[in-house]
Amino acid sequence: MKIEIGTTLDEFIIRREKNYPDATGDLSKLLRDIGVAAKLINRSVNKAGLVDILGDNGETNIQGETVQKLDDYSNEVLKNYIANGGQLAGFGSEEEDEVVIINTEEGKNAHYVVLFDPLDGSKNIDINASIGTIFSIYKRTDMEETCSLKDFLQKGTEVVAAGYVIYGSSTMMVYSTGNGVNGFTLDPSIGEFCLSHPEMKMNKKGGHYSVNQANYKLFPENVRRYIDYLVDDLDMGMRYIGSMVGDVHRTLLKGGIFMYPPTTSAPSGKLRLLYEAIPMSFLINQAGGKSSMGNASILEINPTELHQRCPVFMGNKDLIETLETQYPTV
Ligand code: AHG
Ligand code: MN
Ligand code: MN
């Protein structure tokens with residue numbers, strides 16, 4: 001059944017669930033809770049210039065980066081909102097050193113774990129450019145065992161649902177449960193996410209390439225040759241915000257390729273496999289695009305560490321295929 005434009009996120013989730021008579025409702029509740037958390041984060045992001053939440057809080061996170069105040073706030077909102085809903089056995093966050101296992105009776109019986117980047121592109125807060133929240137949801141690997149790190153170190157092929165919220169000139173939530181990608185725009189007048197981009201599909205051709213070009217000299221030779229090919233042979237233009245959510249959102253809507261390749265100083269690149277690369281790859285793949293770590297799919301990587309990084313290339317299918325076959329990097 002086709003769902004009309006303007007349908008609220010809650011209504012959409014309920015109607016979609018009816019297609020799965022065996023569904024317990026837990027995943028739906030979880031997605032709705034993420035939607036509510038996103039609205040709370042959005043409220044603060046919108047007021048970032050007015051109240052004293054701009055700038056950093058003087059601490060560094062486990063990856064050695066300065067933690068911005070809004071990073072903290074977004075992390076707390078997500079934790080409080082989704083951890084207490086009863087559907088989660090545990091969660092992992094870019095801002096937490098370790099996974100958090102929920103040791104309540106409900107938590108022990110819950111089937112799902114969530115991983116999130118509470119605020120992506122946080123360096124852009126101070127200049128009012130697009131930032132976002134990224135999430136992915138997995139099923140626990142074995143309900144006979146207590147929830148542990150191994151439930152979070154699953155391959156991208158095991159993702160049950162993933163999505164992002166972009167706090168841009170409008171706020172959108174884009175997500176997939178493995179059955180296509182749908183986008184919802186927040187209507188501030190009613191405080192609801194409403195279906196605005198049904199069944200999102202990537203352009204087959206065109207679009208921009210998106211990379212931190214200042215790192216060009218630090219990229220492996222094949223990546224440099226590939227970028228030259230995009231510019232010289234395909235005549236592509238370049239766009240780069242420096243906020244993965246913003247750059248991938250543009251790539252999803254307009255086509256092209258987003259990349260964060262390895263550099264001589266960061267041989268695995270900068271982006272985190274579990275919080276950024278896998279969820280965004282899942283969405284790009286669901287929209288008909290493709291993602292790669294340079295020579296193989298990101299969704300086929302077996303994660304070994306919670307905060308591990310990986311090279312990222314994602315976008316139009318043919319651009320990724322050319323990369324992997326003619327300009328592969330390890
Ligand atoms: P985060 O704010 O969650 O730490 O992520 C920042 C990331 C990502 O959003 C973006 O693609 C990348 O950093 C930009 O890095 P450079 O400034 O090195 O280009
Ligand atoms: Mn991020
Ligand atoms: Mn972040």
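Student: What spacing do the donors of the manganese ion (ligand 3) follow along the chain?
Tutor: The spacing is E-x22-D-x1-L. Keep in mind that this is a predicted model.

Student: Which atoms are the protein donors there, and how far from the ion do they lie?
Tutor: For the manganese ion (ligand 3) they are Glu94 (OE), Asp117 (OD) and Leu119 (O). They lie 2.2 to 2.3 Å from the ion.

Student: Where do Glu94 and Asp117 lie?
Tutor: Glu94 is in the loop between strand S3 (88–93) and strand S4 (100–101), and Asp117 is in strand S5 (residues 112–120), so the pair ties together parts that are 23 residues apart in sequence.

Student: Are Glu94 and Asp117 buried or exposed?
Tutor: Both Glu94 and Asp117 are buried.

Student: Which residue coordinates both manganese ions, ligand 2 and ligand 3?
Tutor: Asp117 does. The manganese ion (ligand 2) and the manganese ion (ligand 3) are 3.7 Å apart.

Student: And what are the protein donors of the manganese ion (ligand 2)?
Tutor: Asp117 (OD), Asp120 (OD) and Glu276 (OE), at 1.9 to 2.1 Å from the ion. Their sequence spacing is D-x2-D-x155-E. Asp120 sits in strand S5 and Glu276 in helix H7 (residues 273–286), so this pair links distant parts of the chain, 156 residues apart. Both Asp120 and Glu276 are buried.

Student: New topic, helices. At what angle do H2 and H3 pack?
Tutor: About 150 degrees, with the axes 9 Å apart. H2 covers residues 26–46 and H3 covers residues 69–83. The two are therefore roughly antiparallel to each other.

Student: Is the crossing of H2 and H3 left-handed or right-handed?
Tutor: The crossing is right-handed.

Student: Which residues of H2 and H3 make the contact?
Tutor: From H2, they include Leu30, Ile34, Ala37, Leu40 and Ile41. From H3, Leu70, Tyr73, Val77, Leu78 and Tyr81 are among them. By class, the contact has 13 nonpolar, 2 polar and 1 charged residues.

Student: Last one, Leu252. Where is Leu252 found?
Tutor: In helix H6 (residues 244–254).

Student: Why does Leu252 count as buried?
Tutor: Because its relative accessibility is 2%, and the cut-off for buried is under 20%.

Student: What does Leu252 touch, leaving out residues up to four places away in sequence?
Tutor: Leu252 touches Tyr164, Val174, Met200, Lys201, Met202, Leu283, Ile284 and Ala287.

Note on methods
Residues numbered from 1 in each chain as written. Chains lettered and ligands numbered in written order. Predicted model: local features only at pLDDT ≥ 70, side-chain atom pairs only at ≥ 80, totals over all residues. Heavy atoms only, no water. Axes fitted to C-alpha atoms, helices over the stretch in contact; angles between N-to-C directions. Helix = DSSP H or I, 4+ residues; strand = E, 2+ residues; numbered from the N terminus. Parallel < 35°, antiparallel > 145°, perpendicular 65-115°, else oblique. Left-handed = near helix turned anticlockwise from the far one by under 90°. Contact = heavy atoms within 4.5 Å. Nonpolar A, V, L, I, M, F, W, Y, C, P; charged D, E, K, R; others polar. Donors = N, O, S within 2.8 Å, 3.2 Å for Na, K, Ca; no water. Buried < 20%, exposed > 50% of the residue type's maximum accessible area, 1.4 Å probe, protein only.
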